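Student: I would like to learn how to read strand pairing, helix packing and domain contacts from a model. Could we work through one case together?

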Amino acid sequence: MDTGRTQQPTDSASVMAKQGMEFAKPLHARLGPLFTTWVLGEKTVVVGSLELLRKCLSKEHELVEGDWPKATSTLLGPHSVTATTGDAHLRMRKILNPAFTVKAVAEFVPGMVGIAQRCCADWQKQGRVSGYDCSKEYTFLVALKIILGFKDADISASMLARCRSLFWVWLNGLFSFPIDLPGFTFYKAMKANKELRAILAENLQRLTEESKQPLTELGAGAPQQLRTCAQNLLDIRDDDGKPLSQGTLLDLNMTLLFAGHDTSAATLMRLLFVLGTQPEVMEKLRAEQQKVQAEHGEGITEATLREMPYTEACVKEALRISPIVGTIYRRTLCEFELGGYRIPKGRRVLLNMYQVLTSDERFADNGSGDGPGKFCPERWLGDDAHRAGAWIPFGGGPRMCLGYILAIAEIKILLAVLARTSTWRLLNPSEPYVPFPLPAPRDGLLMDIEALPR
Ligand code: HEM
């Protein structure tokens with residue numbers, strides 16, 4: 001069975017841990033867009049061209065299926081949209097998609113702006129901060145308040161610290177060996193899972209009670225509550241008109257916390273780094289924000305966010321050059337042809353989106369002669385239609401990121417608030433990035449941040 005040219009019979013896992021998906025670049029150059037290697041002892045087909053990736057992503061449930069390790073599916077829960085497959089997954093996406101549309105996300109903008117403003121003011125007071133910790137703090141607060149619907153009053157400093165530490169233990173367990181015995185990473189993650197779920201279940205209970213109360217009982221004259229994603233999820237009805245069960249909502253909460261928090265934080269951190277090292281980008285970003293303020297006033301709204309093409313281009317370029325989900329695993333459901341090779345049923349496939357985003361020739365031309373490796377927001381201004389199709393940081397097909405509209409808005413909002421209010425200096429602008437377990441600056445991106453003079 002011909003499954004693509006094979007690289008030397010050494011396991012790629014250790015090289016990936018050191019180099020991230022950079023390891024695959026010379027292999028793609030030598031062996032083509034598709035080759036076979038070994039990852040953690042299993043034969044794996046690596047796919048690295050847009051055309052072949054599109055075929056795999058769009059034929060989810062037909063040719064390939066999501067392939068998560070046992071620890072991940074156990075911790076996310078059986079009802080998680082990530083863990084469900086086939087028709088059950090399609091049904092789940094059909095009912096979840098409306099909670100994450102452009103219209104839905106527009107209602108979360110005021111809440112996210114408030115969180116961004118409070119975070120920036122707080123970081124300025126601290127002076128010296130870790131850019132990575134700041135990014136995680138902001139996205140974790142957005143996840144708790146906007147996505148899961150926690151109230152300000154429920155989030156004390158100690159509760160926040162507890163949730164964050166539980167979340168990290170839980171996250172560590174997601175890709176661990178599923179050994180549920182004292183001392184093992186998975187065991188600790190299962191304990192954190194239980195405690196975190198109890199906190200989320202209590203919040204869900206409160207939200208469910210509130211959603212049953214008539215408006216008058218909440219006080220018709222009371223200040224209007226900001227809409228959250230959690231309310232949208234409670235409002236969902238399936239084909240039989242039934243709401244999602246508490247079990248499904250809880251699994252969904254855990255999935256959204258996992259999928260929607262560290263991803264956005266890593267992208268923001270990359271932007272803090274780029275803006276700290278490329279002053280010309282920072283200048284243009286600030287100039288755009290000043291223009292928007294001059295034309296539309298101080299407020300950041302859903303409408304003014306649409307007036308920020310350069311800010312949006314920075315977000316798109318950060319997601320391109322530093323894709324936090326650079327690869328996705330799949331397993332083939334049947335034997336099929338890919339790139340001129342026969343791939344057998346049951347073979348693991350590694351979809352290498354990183355390769356396309358960082359090397360595709362569509363990103364070689366940006367009008368300034370810089371190659372795909374350069375952070376260049378100008379790529380996304382003007383006619384970018386030929387590039388847009390290769391911009392796949394959120395995947396594609398039936399499993400394309402559920403929260404991508406929210407993620408872009410969330411990142412854009414913090415960037416806009418930072419550009420309007422703050423200036424920062426990186427302590428070590430040449431701090432190396434470590435690619436594993438997530439691409440991150442080795443020392444957390446220490447920086448001195450202060451308020452912009454008014
Ligand atoms: C920069 C931020 C983000 C990036 C780069 C990102 C990327 C991705 C990618 C590549 C996938 C596809 C995985 C696959 O095909 O197996 C995905 C799935 C998913 N994302 Fe995101 N994501 C981001 C933020 C978010 C946010 C903010 C949320 C929620 C509010 C979210 C929720 C999800 C969910 C639920 C899935 C699973 C979809 C499914 O299996 O049907 N993501 N994300």
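Student: Which residue in β3 does Thr36 stand opposite?

Tutor: Strands of a sheet pair through backbone hydrogen bonds, either parallel or antiparallel. In this structure, which is a predicted model, Thr36 stands opposite Val45 of β3. The pair belongs to strand β2 (residues 34-39) and strand β3 (residues 42-47), which are antiparallel and share six bridges.

Student: What joins these two strands, and which residue there takes a positive phi?

Tutor: They form a hairpin with two residues between the strands, and Leu40 takes a positive phi near 45°.

Student: With which other strand does β3 pair, and is the sense parallel or antiparallel?

Tutor: Strand β9 (residues 348-352) pairs with β3 in the parallel sense, over four bridges.

Student: In what order do the strands of the open sheet with β5 lie?

Tutor: The order is β5-β13-β10, three strands with antiparallel pairing. β5 (128-130) and β10 (422-426) are the edge strands; each has a single partner, so one side of each lacks a neighbour in the sheet. Ignoring direction, neighbouring strands are turned by 35° against each other on average.

Student: How many bridges join β10 to β13?

Tutor: Five bridges join β10 to strand β13 (residues 446-451), and the two run antiparallel. Among the paired residues, Trp424 has Ile449 of β13 as its bridge partner.

Student: Which helices pack on this sheet, and which strands do they touch?

Tutor: Helix α8 (residues 131-147) touches β5 and β13, and its direction makes about 70° with that of β5. α14 also packs on the sheet, touching β10 and β13, with its direction at about 85° to that of β10.

Student: At what angle do α14 and α20 pack?

Tutor: For a helix pair, read the angle, the axis separation and the handedness together. Here the angle is about 35° and the axes are 10 Å apart. The crossing of α14 and α20 is right-handed. On the α14 side the contact is made by Thr263, Ser264, Thr267, Leu268 and Leu271, and on the α20 side by Ala407, Glu410, Ile411, Leu414 and Leu415. These residues divide into six nonpolar, three polar and one charged.

Student: How many residues surround the ligand, and which are the closest?

Tutor: The shell holds 25 residues, and the closest are Ala259, Gly260, Gly395, Cys401 and Gly403. Sorted by type, the shell has 14 nonpolar, nine polar and two charged residues.

Student: Which helices each supply at least two residues of that shell?

Tutor: They are α13 (246-259), α14 (262-277) and α20 (404-421). Two of these, α14 and α20, are the pair that packs at about 35°.

Student: Which stretches of the chain belong to each domain?

Tutor: The domain assignment gives domain 1 as 78-215 + 223-325 + 393-451, and domain 2 as 360-390. Their centres, taken over C-alpha atoms, are 27 Å apart.

Student: How many residues of each domain take part in the contact between them?

Tutor: The size of an interface is often given as the accessible area lost when the parts come together. Here we count residues instead: 10 of domain 1 are in contact with six of domain 2. On the domain 1 side, helix α17 (residues 309-321) gives the largest share, seven residues. That side of domain 1 divides into seven nonpolar, one polar and two charged residues.

Conventions:
Residues are numbered from 1 along each chain as its sequence is written. This is a predicted model: local features need pLDDT of at least 70, side-chain atom pairs count only at pLDDT 80 or more; totals for chains, interfaces and linings use all residues. Domain bounds come from an automatic or database domain assignment. Two residues are in contact if their C-beta atoms, placed from the backbone, lie within 7 Å. Ala, Val, Leu, Ile, Met, Phe, Trp, Tyr, Cys and Pro count as nonpolar, Asp, Glu, Lys and Arg as charged, and the others, Gly among them, as polar. A residue is near a molecule or strand if its C-beta atom, placed from the backbone, lies within 6 Å of it. Axes are lines fitted to C-alpha atoms, for helices over the stretch in contact, and angles run from 0 to 180 degrees between N-to-C directions. A crossing is left-handed if the near helix is turned anticlockwise from the far one by less than a right angle, and right-handed if clockwise. Two strands pair if DSSP finds at least two bridges between them.
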